[in-house]
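Subject: Structure for your review, with notes on salt bridges

Hello,

Here is the structure I promised to hand over.

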Amino acid sequence: MHLLTIGLSHQTAPVEIREKAAFAPDSIEDALKDLKQTDSVREAAILSTCNRTEIYCGQESNEPIPVMEWLKSHSGLKSRELGNVLYNFPDDQAVRHTFRVASGLDSMVMGESQILGQMKSAFDAAIRHGTTGKVLNRLFQHAFHVAKQVRTDTAIGENAVSVANMGVSLAKKLYSDLSEQNVLLIGAGDTIELVARYLKQNRVRHIIIANRSVGRARVIAEEIGSEAISLSEIPNRLSQADIVVSSTASTLPILGKGAIENALRERRRHPMFLLDLAVPRDIEPEVSQLQDAYLYTVDDLEHLVKENRGLRQQAAEHAENIIDLQVVKFMRWKRSLQSVPVIRSFREDLDRMMVEELEKAKRKLKAGSDPNETLEQMARDLTNKFAHKPSQTLRHLEEDGDHITAGYAKRLFKL
């Protein structure tokens, strides 16, 4: 079986392309099952985050076109749009890429750990929906092991900060004193929870957390001493927010240009800082056209990330060495799978010989033959049967002058 990883990320595609290729959580089950119906695909998993959409496949051929066409059909993107942004990693390259992603080496913020949790969720979803098998199960489990080793043996995470932290850093650049600002957070996932904690550390005046499930928002709000509301209450509270940070799994925008325009009017043109960390985007991009509305997406954090990247470069080089070794180990295991059918057939032959000779010996004993002679004869016949095919094949190899294969046969039988 061949491994294949096809995808796009923040390194290859802008947010307007990534949001079209993204998978909503409630669409993953159908997508996985549909993907597994694609030609030659036997195993499948889908990772979809704000920074990347990747498809991991175990398939009979190493041909990427069917999966690429499937992704194109799902996203509605044209070939010209995907041509320069889609990457395709086969076999050992797929393994290396998977290990690098799990270890945070391919993240916008090098060394961040959130991606590992996202990969575990993607793997759990694939297992739950029955689309993985021996190869992908081993690949993801090995990737999680590698990520742990990288974090244990290198300093890759010591200077790493999350996208959530970067967002708060950007807000601090725009506002000299965050303690004077009111904040509206939309969503209640891991990213919003991190943003909430960072803002609390920076002593913002007040935080409102809006979410479709108020109960989930209330859990975070109670932990940091803030307020929880439903999404339907946003229009009445939006004008109170100096800072808006949104990160939901919605497939449609949560905030439109009209809503922000109304809020700015109520604020008497007092500016708003809006940070959209979602893919697909939660805030209509046209909001950036409004005076006094300062809209940033996850891609706009890239320049802040670069400032911190040099600090982790040496650790990254050490991590790459660890990954190189683990790729070799994984590929060695994968190659060993090719021998499984041969070993199974070999053992089945031996079992058949054993049963035949045992039954023959039982009949002789039942007929009154001497037990010792019967056992000795059974051992001789079993040995001769076992040695017949290998001996005959070795003889023919030597007669044909195929000394290389004969040498391998001698190694196999330790002769």
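What follows is a short account of the salt bridges. Please keep in mind that this is a predicted model.

In total, the structure holds 22 salt bridges.

Glu54 has a relative accessible area of 0% and is buried. Arg52 is buried as well, at 3%. Both values fall under the 20% cut-off, so both residues count as buried.

The pair Glu69 and Lys72: a salt bridge links them, and their closest N and O atoms lie 3.0 Å apart. Both residues belong to helix α3, which covers residues 65-75; they are 3 residues apart, so about one helical turn separates them. Glu69 is partly exposed, with 40% relative accessible area.

The pair Arg352 and Glu356: here the closest N and O atoms of the salt bridge are 3.3 Å apart. The two residues sit in helix α15 (residues 340-366), and because they are 4 residues apart, they are separated by about one helical turn. Arg352 is partly exposed at 39% relative accessibility, and Glu356 is partly exposed at 34%.

There is also a network: Arg52, Glu54, Arg100, Asp106 and Glu320 are joined by salt bridges that share partners. The buried pair described above, Arg52 and Glu54, belongs to this network.

Regards

Methods: Residues are numbered from 1 along each chain as its sequence is written. This is a predicted model: local features need pLDDT of at least 70, side-chain atom pairs count only at pLDDT 80 or more; totals for chains, interfaces and linings use all residues. Side-chain values use heavy atoms; hydrogens and water are left out. A salt bridge is a side-chain nitrogen of Lys or Arg within 4 Å of a carboxyl oxygen of Asp or Glu. Buried means under 20% relative accessible area, exposed over 50%, partly exposed in between (1.4 Å probe, protein chains only).
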